[in-house]
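Try each task before reading its solution.

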Amino acid sequence: MLKNARLIAISAVLAACWMAPVQAANDIPNASSAGIAAKLMVRGTLEGVQVVDLRSQRRNDVMVVQAEMLNLTDKDVRVYYRFRWTDAAGMQVGDGEVWKPLTILGRQSQLIKGTAYGPQASDFKIEMSAEPR
């Protein structure tokens, strides 16, 4: 009788583990907060990468931005990003940046940094896309 009870308990645990939802890379939000999400322009999915920290300040009257990206999956992800700088009226400042590639290893974080073209830039967005490696 005790053997049957153990077998039933083990079966119940295995069934619960099998039925537990697995969070896919596509289900992970792009940003850890709504404020960070407002500064992102994401093309497609970020494949399990999440922007967890975003800071900006003016140095020598030029805007500097630093963002921390965290890969929440076990797989390596190739991220492409660029900064879009705008003035107080929302108009683009400068010619636009080229896409920069960055590989983020599984369960690792990376910092990216961008510096505006000049003092007229007062806001920014980070444009991003990703692909699994």
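**Exercise 1.** Which residue in β3 stands opposite Arg-55?

Solution. This is a predicted model, where local features need pLDDT of at least 70, side-chain atom pairs count only at pLDDT 80 or more, and totals for chains, interfaces and linings use all residues. Residues are numbered from 1 along each chain as its sequence is written, and side-chain values use heavy atoms, with hydrogens and water left out. Now look across from Arg-55: you'll find Gln-66 in β3.

**Exercise 2.** Work out how the sheet is put together.

Solution. Start with strands, which are DSSP E runs of at least two residues, numbered from the N terminus. β2 and β3 (residues 62-71) run antiparallel, joined by 10 bridges; pairing takes at least two DSSP bridges. Next, read off the order: β2-β3-β6, an open sheet of three strands with antiparallel pairing. β2 and β6 (109-115) are the edges, and each has a single partner strand, so one side of each lacks a neighbour in the sheet.

**Exercise 3.** Is Gln-50 buried or exposed?

Solution. Then check its relative accessibility, 11%. Buried means under 20% relative accessible area, exposed over 50%, partly exposed in between (1.4 Å probe, protein chains only). So Gln-50 counts as buried, because its value is 11%. Finally, list its contacts (heavy atoms within 4.5 Å). Leaving out residues up to four places away in sequence, Gln-50 touches, among others, Ile-28, Pro-29, Glu-68 and Leu-72.

Conventions
Helices (H or I, at least four residues) and strands (E, at least two) are DSSP runs, numbered from the N terminus.
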